[in-house]
Amino acid sequence: MKNVAIAAAVVAMVLLGLPPVLGLGTEARVRERVTELDGYGVVAVKVKSFDRGWFGSTARIELAPAPGYLAKIGLGSAAAAAALDRRATITVDFAHGPLVLQKGVQLGWSTMVARLDPETDGLADLQKQLGVPYLVEFRGRTGITGGISFDADVPPMNVSAEPQVEFSGAKLDGRYTRDRLVSNARIDSVEITDAFGTFAMRNLRLHVDHGFLSKDLAPGKAEFSIDRLSATAGLGGGTPLFDSDRVSVIAATAVNATRSLLDVHVTYGVDRVHMDDREVTGAALGIALHNVDVQTLQHYNDALRELLTGPAASDANAAIAALLRADLPRFLAAGPSIVLEPLRFSVNGEPFEGRAEVAVDAARVPKGDLSELTPADVLGFLDVSAEIKLSKALARRFAAYGAALQLRGDPGMPPEQVEYLAEAQAGLMLVELVNEGFLVEDGEVYRAALRYTDAAMTLNDKPLPLLQR
């Protein structure tokens with residue numbers, strides 16, 4: 001019985017004695033993080049107050065645009081400074097562990113709830129007008145094993161004044177550690193209506209999973225999608241302007257084993273877009289960067305930060321080029337390339353496919369000083385390729401559209417005549433392109449392939465002598 005009492009006393013001492021110690025650590029981490037954010041020079045951040053209690057603490061953190069950053073981006077005039085001199089204060093309530101009593105009982109070092117400061121001018125009236133208890137609330141929990149689990153939300157809102165807004169609310173959740181961030185965000189619906197029409201979005205989703213290797217290097221994957229986008233014209237009795245399904249962006253970055261080279265892939269996609277009498281389906285555009293020198297990328301980011309927050313430079317592009325000139329040999333030696341793939345879509349069922357690539361052949365890069373490279377020098381170590389394939393019906397449609405643009409320059413030509421002549425010229429134009437070897441007929445499609453390497457260019461495997469160096 002005596003041992004039980006001693007154990008209970010020890011537990012009680014821990015539960016009662018640890019919270020203020022953890023409160024000290026919480027304050028230290030908050031001030032450290034605020035100092036770090038303020039040091040970037042884009043946003044001025046400071047701790048206005050930190051009231052530390054035994055079981056909980058409250059911090060008030062002020063954010064505002066950094067004056068030096070505003071001046072650097074050309075907004076340093078008195079009028080602009082006055083217009084953008086807006087400060088926001090965030091109130092953060094902490095509960096200290098190890099037994100946390102904040103919105104339930106939890107085990108961990110601390111929990112936090114962050115909102116805009118209730119004393120913010122106009123905030124109470126705005127919340128009353130929107131019918132919400134807060135504009136946004138962020139909640140975090142620091143577990144015993146480290147890391148922060150978090151969630152946040154923006155409440156649903158309905159605004160009856162024009163424009164009318166119906167907003168389902170937004171939710172965010174995830175987990176952050178020193179070397180990884182995994183999070184998910186979602187909005188079920190947004191609908192905005194005014195006299196001109198209605199714009200609607202359905203089922204917005206964002207997923208992020210990134211690891212942190214350094215301040216500027218965070219390989220991983222991010223996916224964003226909208227299941228449906230649509231717009232209708234109010235003045236035309238609700239006439240549909242456009243309607244689309246599954247708009248998406250997928251971005252992925254990866255580094256090699258030595259963390260010296262970076263690959264980046266970004267793919268934009270749309271399952272379907274309907275506008276007027278046209279429907280585009282299966283559209284995708286992929287952009288890939290291969291063998292990007294990581295050190296050059298980090299130097300570029302450092303130079304960009306310096307230009308944004310340091311003394312003003314008269315020519316920003318020249319300043320960046322000067323700072324990165326020493327990195328150029330190493331950057332080119334890695335053999336970087338940019339690839340457009342996939343590149344595809346169909347218009348009313350008629351398909352188009354393409355691919356393009358520009359790559360550096362490191363073996364042909366001149367040795368020694370590269371600060372005085374000429375355009376001819378650059379063309380000497382670049383390899384370029386491009387391929388397209390499209391249906392004959394789509395090619396004719398493109399050719400007719402191009403001809404119509406030219407014919408519309410004559411104000412005296414009636415629209416119906418423009419359309420007739422454009423169709424006639426389109427057929428002749430395609431026949432001429434095939435005869436000259438710019439297009440190759442292949443059943444019901446046209447093909448074309450361009451190659452440039454070692455200062456020699458071919459089109460559909462035939463040399464173009466006028467373009468030889």
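This is a predicted model: local features need pLDDT of at least 70, side-chain atom pairs count only at pLDDT 80 or more; totals for chains, interfaces and linings use all residues.
**Entry 1**

Then I looked up helix 9 (residues 392–407) and helix 10 (residues 415–435), whose axes come within 8 Å and cross at roughly 125°.

From helix 9 I wrote down Ala-395, Arg-396, Ala-399, Ala-400, Ala-403, Ala-404 and Leu-407. On the helix 10 side I found Val-418, Leu-421, Ala-422, Glu-423, Gln-425, Ala-426, Gly-427, Met-429 and Leu-430. Sorted by class, this contact has 12 nonpolar, two polar and two charged residues.

**Entry 1: one alanine in that contact**

I picked Ala-403, which is found in helix 9. Is Ala-403 buried or exposed? I got a relative accessible area of 0%, and buried means under 20%, so Ala-403 is buried.

I then looked for its partners, leaving out residues up to four places away in sequence, and Ala-403 touches Ala-422 and Gln-425. Gln-425 is 22 residues along the chain from Ala-403, yet I found their C-alpha atoms separated by 6.8 Å.

**Entry 2: stepping back to the whole protein**

I counted up the elements and got 10 helices and 24 strands. Of the 469 residues in the protein, 30% are buried. The accessible surface comes to about 27,600 Å², and carbon and sulfur atoms own 61% of that.

I also looked at contacts between residues at least 6 apart in sequence: 50% of these join residues at least 24 apart.

**Entry 3: an aspartate in a strand**

I went to Asp-188, which sits in strand 12 (residues 180–194).

What does Asp-188 touch, not counting residues up to four places away in sequence? My list reads Ser-168, Gly-169, Met-201, Arg-202, Asn-203 and Arg-205. I also checked Asp-188 against Asp-227, which is 39 residues apart from it along the chain, and their C-alpha atoms are separated by 9.7 Å.

**Entry 4: cis peptide bonds**

I looked up two prolines here. The peptide bond from Glu-162 to Pro-163 is cis, with omega near 0°. Pro-163 is in the loop between strand 9 (157–159) and strand 10 (164–167).

Glu-341 and Pro-342 are also joined by a cis peptide bond, with omega about 0°. I found Pro-342 in strand 18 (residues 337–347).

**Entry 5: positive phi without glycine**

Asn-291 is not a glycine, but I read a positive phi of about 55° for it. Asn-291 lies in strand 17 (residues 278–293). With a relative accessible area of 28%, Asn-291 is partly exposed.

Ala-455 is not a glycine either, and its phi is positive at about 65°. Where did I find Ala-455? Ala-455 is in the loop between strand 22 (445–453) and strand 23 (456–459). Its relative accessible area is 10%, which is under the 20% cut-off, so I put Ala-455 down as buried.

Conventions:
Residues are numbered from 1 along each chain as its sequence is written. Side-chain values use heavy atoms; hydrogens and water are left out. Axes are lines fitted to C-alpha atoms, for helices over the stretch in contact, and angles run from 0 to 180 degrees between N-to-C directions. Helices (H or I, at least four residues) and strands (E, at least two) are DSSP runs, numbered from the N terminus. Contact means heavy atoms within 4.5 Å. Ala, Val, Leu, Ile, Met, Phe, Trp, Tyr, Cys and Pro count as nonpolar, Asp, Glu, Lys and Arg as charged, and the others, Gly among them, as polar. Buried means under 20% relative accessible area, exposed over 50%, partly exposed in between (1.4 Å probe, protein chains only). Accessible areas come from the Shrake-Rupley method with a 1.4 Å probe; for residues, only the protein chains shown count as cover.
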